[in-house]
Amino acid sequence: MLDYIIVQAGGKGSRMQVLTRNKPKALVPVNNLPMIFHLFKKYPEKKYIIIGDYKFDVLERYLREFATVDYKLVSGTGHTGTCAGLSDALSYVPDGERFMLI
């Protein structure tokens, strides 16, 4: 069984510039629901480890107000590359536990 989902929610979404000027791409709405919330809706019982970077403060406030799932938010800020913050996120997954990386 899989209990943990790591979500890379950082990045500017530069090709979506108009939509990401004031929020990270994970909060861009699809069918009136932020993208990341579609994942929460599909797997409500999972434990989420969310890696934020661009507009981290906006993501943090939004999740605090609206997320109803079990989550931990980690910062990818200060790291470089596509996997920024991944080692920090993995530290929240217990040894031997399976996880999904999205």
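Where is the place of Asn 31? Asn 31 sits in the loop between β2 and β3 (33-34).

## About the model

This is a predicted model, in which local features need pLDDT of at least 70, side-chain atom pairs count only at pLDDT 80 or more, and totals for chains, interfaces and linings use all residues. Residues are numbered from 1 along each chain as its sequence is written, and side-chain values use heavy atoms, with hydrogens and water left out.

Helices and strands are DSSP runs, numbered from the N terminus: a helix is H or I with at least four residues, and a strand is E with at least two.

## Two asparagines with positive phi

Most residues other than glycine have a negative phi. Asn 31 is not a glycine, yet its phi is positive, about 55 degrees. Asn 32 also lies in the loop between β2 and β3. The phi of Asn 32 is near 65 degrees, again a positive value in a residue other than glycine.

Asn 31 is exposed, because its relative accessible area is 70%. Asn 32 has a relative accessible area of 78%, so Asn 32 is exposed.

## Parallel strands

Two strands pair if DSSP finds at least two bridges between them. Strand β4 (residues 47-52) and strand β5 (residues 70-75) run parallel, joined by six bridges. One example is Tyr 48, whose bridge partner in β5 is Tyr 71. Strand β1 also runs parallel to β4, and five bridges join them. Here Ile 6 stands opposite Ile 49 in β4.

Together, β4, α2 and β5 make a right-handed β-α-β unit. A crossover is right-handed if, with the strands pointing away from the viewer, the path from the first strand over the helix to the second runs clockwise.

## Inside β4

Why is β4 largely enclosed by the rest of the structure? Five of its six residues are buried, so the rest of the structure largely encloses β4. Take Ile 50, which is in strand β4. Ile 50 is buried, because its relative accessible area is 0%.

Contact means heavy atoms within 4.5 Å. Leaving aside neighbours within four places in sequence, Ile 50 is in contact with residues including Val 7, Phe 40, Leu 63 and Tyr 71. Ile 50 and Ala 89 are 39 residues apart in sequence, but 7.5 Å apart in space, C-alpha to C-alpha.

## Thr 20 and Pro 29

Thr 20 is found in the loop between β1 (4-8) and β2 (29-30). Is Thr 20 buried or exposed? Thr 20 is buried, because its relative accessible area is 3%. Beyond its neighbours within four places in sequence, Thr 20 is in contact with Lys 12, Gly 13, Lys 25, Val 28 and Tyr 54.

Pro 29 is in strand β2. Its relative accessibility is 45%, so Pro 29 counts as partly exposed. Leaving aside neighbours within four places in sequence, Pro 29 is in contact with Lys 23 and Pro 34. Pro 29 and Leu 19 are ten residues apart along the chain, and their C-alpha atoms are separated by 8.9 Å.

## The largest pocket

On a 1 Å grid over the protein atoms alone, a pocket is an open set of points where a 1.4 Å probe fits, with protein on both sides within 12 Å along at least five of seven lines; lining residues have an atom within 4 Å of a point. The largest pocket has a volume of about 150 Å³. That volume is the space filled by probe spheres set on the points, with grid points joined across faces, edges and corners.

The lining includes Val 7, Lys 25, Met 35, Leu 39 and Ile 102. The elements giving two or more residues to this lining are β1 and α1 (35-42). The largest share, three residues, comes from α1. By class, the lining has seven nonpolar, one polar and one charged residues. Ala, Val, Leu, Ile, Met, Phe, Trp, Tyr, Cys and Pro count as nonpolar, Asp, Glu, Lys and Arg as charged, and the others, Gly among them, as polar.

## Asp 88 in helix α3

Asp 88 is in helix α3 (residues 86-90). Asp 88 counts as partly exposed, because its relative accessibility is 32%. Asp 88 and Gly 76 are twelve residues apart along the chain, with 8.3 Å between their C-alpha atoms.

Definitions and conventions:
Buried means under 20% relative accessible area, exposed over 50%, partly exposed in between (1.4 Å probe, protein chains only).
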